[in-house]
Amino acid sequence: MSFVSGYLPVIPLRNAVLFPGVSMPLRVGRDRSIQALQKALTNQKWLVLLTQKNPEGTVEKAEDMHTVGTLCKVENHKKEDDGSFTIFVTAHQRIRALNMRFENGIYETLTEGIEDVAVLDKKTEDALLQSLQQIAYETVDLLGRHMRRVKEWIAEIQELGLLTNVCAAHADFTLAEKQHLLEMADVRERALKILELMKEQKERLKIQNDIRTKLTENINQSQKESILREQMRVIREQLGDEDNKDIIEQYNEKILKAEMPEEALKLAQSQLNRLEAMNSASPEYQIIRAHLDLLTDLPWSKSSEHQEIDLEAAERILNEDHFGMEKIKKRILQHLAVMKLRKSHQGSILLFVGPPGVGKTSLGKSIAKALNKKYVRVALGGVRDDAEIRGHRRTYIGAMPGRIISSIKKAGENDPVFVLDEIDKLSRSFNGDPASALLETLDPEQNNTFQDHYLDTAFDLSKVLFIATANTLDTIPGPLLDRMEVIELTGYTIEEKKNIAKRHLWPKQLKEHGIEEGQLEITDAALSKVITDYTREAGVRELQRKIATICKFMSLRIVKAAGTKITVDAKDLDEIFGAERFSADMIESSQPSGVVTGLAWTPVGGDILFIETEEMPGSGQLLLTGQLGEVMQESAKIALSLLKARLPLMDPTVDFSKKEIHVHVPAGAIPKDGPSAGVTMLTSIASKLLKRPVNPRMAMTGEISLRGSVLPVGGIKEKIIAAHRAGVTEVVLCKRNEKDLREVPQEIKNDMKFYFVDNVNDLLKIALEIDFPSFPKRSFGDTTPFLPGTIN
């Protein structure tokens, strides 16, 4: 009887037969086999392994597989990069497949267990067990010392049936012989057959070992050949063989043209001398040639044509390539002006930080274009080996130079604009720390003698203009960040996105899709709807994808229209994209008491969040949910303490000891932290306790202190842009954040009303629209007890 009832998925094996009691790894790569494996993984991991009758063919019908196989369980599995799976299975029972069917793209079968038949007495069983163990020992000894553990394993097996399965699984038998052994249920017959086959295998191994011994005796022959090759080299020189001489001369010419510094020149001459004295058949010959190729191809003294930096041209290029970003472009032009005055790039290392899709990498291209220099980009995301930066030592097989030197070689000039993309995505592993390897690269005092392990000599990087990009500063090590000048890029407004789409994204996508400007146009209303209802991002990367989708969708209509101009209107977007993904106005028209809109900063731009409060009978506890960090939890506790001290002034009947307050921040799967939600939490709790709802179109951000002060926070521009995008019309900020509004676009400030507060009393007056009293004023040393309701 089988261990498992019902239909089980079947995986056909090409070159293997699995025996009960044996575990082994298997590679699953065929589509049907992958489907069968996936079904097994969802059904207690049981599956049936049947060997194909033709190992070179495919399984087109059930008759292409043997009916006797094994019932196996998947112990472990791993998906590979090419989509295949590596699984580790244990065979539990010899089975016979019954009523096999093909359903849902895979073979499935019912199974009938085949039990071992052991019709033999104890003496016969012991004799067969010892004989099998003995011949297994002898075979293992012939295979070498590395099989010693297998020998120990065989010695531990005291069951004849299991020993026959182990021997059959690991012995070098043909596929047909193994299948025949699997189908033999009689343990005695199986043991005798294995003894016969292993005896033949042992004889083959003896012959192979004899041959190997004779080959070892002839090792000296290769030494003789080495001497003869050396003599042949001398003979070729005497006969005037020019092949090797031509190569040496070519390298000599390249070395002279490269104009290397003295240290590199000595290394190149040394390598050339070694190459000249070396036999071309030597494995090291090609290694030296590869090193010489790198030495001679590097632009040691080749720079771009020296031109005076034209700031007007640079400003024009930046304006053509990027809309808005006035502050960023001003900073870049100031940096270029310093370079022009110093007549040097040394010390010029910029770091652009901002959300994805705001144009950090393209700014590097524009700077290269403005300076008329080569542009080089290296993606650092996921790099975890410092050899990727500084190269491998040439002693390793397959050694290569690092990405810095390889990119300089590719540029062909020693002063390109070099973009280190996603520098915040570097990671550390046992192979080293690439961020530490970059310290020398980005240090103006050291990079004039940059050492690549493969190059093995100093290379001057001081003429290179390095530009790094990142989404956040948090993951960049302090010493590395200290070497760069940080320029922060923020998200775009809706109006900026419209202009970018009109000037850059729409013409670019028309060109990429082979559409002429006179064939397709999009209305302003449609473009605005795409921005507000189908994308929600700080940058324009998703907007570009949406415009590409419009071009693809309309391409068929353009072909059918035969020259007629097609216009994309707002009403066409539902057919192209489907239902709106986002509401242009995320804020609800009304909210119950206890719900307040807050503003948050994230590495990908600003965002809004809702803080909800509910009260219930209890013992005065505060319950916090929404995966809040420690700082955010402390803000909630401070808010509650402030209200405990102040609310009795408004309503003496409020008894916190009999209430349990629950504060929740939705999107519970996302971790949240920071002090800027303090004012929002305080307003939410007060709104619930006083049963006064807050204007749903009002948002706020700010930290609170235990004495009731509202403190300033960061990321104001990103938060205001996110609030405007979500439909917020009123914003409450700390008084000291008023200066930060200078960075907010004027069109956004025109649409919104701002309140600035210093303390929580003013905050609650604005948010709850009530005259919230303040604490009575006292003179120093006044010890008169304070009674609720005594207000000055």
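The legends below describe close-up views of a predicted model.

**View 1. Helix 2 and its buried residues.**
Helix 2 covers residues 122-143, which makes 22 residues. From its first C-alpha to its last it reaches 32 Å, close to the 32 Å expected at 1.5 Å a residue. Several residues of helix 2 are buried: L128, L129, L132, Q133, I135, A136, T139 and V140.

**View 2. Helix 2 beside helix 4.**
Helix 4 is formed by residues 160-170. The axes of helix 2 and helix 4 come within 10 Å and cross at roughly 25°. Helix 2 is therefore roughly parallel to helix 4, since angles under 35 degrees count as roughly parallel. Their crossing is left-handed. On the helix 2 side, the contact involves E125, L128, L129, L132 and Q133. On the helix 4 side, it involves L160, L163, T164 and C167. By class, the residues of this contact are 6 nonpolar, 2 polar and 1 charged.

**View 3. L197 in helix 6.**
L197 belongs to helix 6, which spans residues 187-217. Is L197 buried or exposed? L197 has a relative accessible area of 4%, and because buried means under 20%, L197 counts as buried. Leaving aside neighbours within four places in sequence, L197 is in contact with F173, E177 and L181. A further residue shown for reference is A168, which lies 29 residues from L197 along the chain. The C-alpha atoms of L197 and A168 are separated by 9.4 Å.

Most residues other than glycine have a negative phi. K45 is not a glycine, yet its phi is positive, at about 65°. K45 sits in the loop between helix 1 (31-41) and strand 3 (46-51). With a relative accessible area of 31%, K45 is partly exposed. N99 is also a residue other than glycine with a positive phi, in this case near 50°. Where is N99 placed? N99 is in strand 5, residues 85-103. Its relative accessibility is 56%, so N99 counts as exposed.

**View 4. Helix 9 against helix 10.**
Helix 9 consists of residues 262-277 and helix 10 of residues 283-297. Their axes come within 10 Å and cross at roughly 150°. This angle makes helix 9 roughly antiparallel to helix 10, because angles over 145 degrees count as roughly antiparallel. The crossing of helix 9 with helix 10 is left-handed. Helix 9 contributes L267, A268, Q271, L272, R274 and L275 to the contact. Helix 10 contributes E284, Y285, I288, R289, H291, L292 and L295. The contact has 8 nonpolar, 2 polar and 3 charged residues.

**View 5. Helix 12 crossing helix 13.**
The axes of helix 12 (residues 326-342) and helix 13 (residues 360-371) come within 12 Å. They cross at roughly 40°, and the two helices are therefore oblique to each other. The crossing is right-handed. I328, I332, L336 and M339 of helix 12 meet L363, I367 and L371 of helix 13. How many residues of this contact are nonpolar, polar and charged? There are 7 nonpolar residues, no polar and no charged.

**View 6. P507 in helix 18.**
Helix 18 runs over residues 494-512 and includes P507. P507 is partly exposed, with a relative accessible area of 29%. Not counting residues up to four places away in sequence, P507 touches A501 and K502. P507 and A470 are 37 residues apart in sequence. In space, the C-alpha atoms of P507 and A470 are 28 Å apart.

Helix 19 comprises residues 524-533. Of its 10 residues, 7 are buried, so helix 19 is largely enclosed by the rest of the structure. The buried residues are A526, L527, S528, V530, I531, T532 and D533. Which elements do the buried residues of helix 19 pack against? They pack against three helices, namely helix 18, helix 20 (541-561) and helix 21 (573-577). They also pack against strand 14 (520-522) and strand 15 (566-568).

Technical notes. Residues numbered from 1 in each chain as written. Predicted model: local features only at pLDDT ≥ 70, side-chain atom pairs only at ≥ 80, totals over all residues. Heavy atoms only, no water. Helix = DSSP H or I, 4+ residues; strand = E, 2+ residues; numbered from the N terminus. Buried < 20%, exposed > 50% of the residue type's maximum accessible area, 1.4 Å probe, protein only. Contact = heavy atoms within 4.5 Å. Expected span 1.5 Å × (residues − 1). Axes fitted to C-alpha atoms, helices over the stretch in contact; angles between N-to-C directions. Parallel < 35°, antiparallel > 145°, perpendicular 65-115°, else oblique. Left-handed = near helix turned anticlockwise from the far one by under 90°. Nonpolar A, V, L, I, M, F, W, Y, C, P; charged D, E, K, R; others polar.
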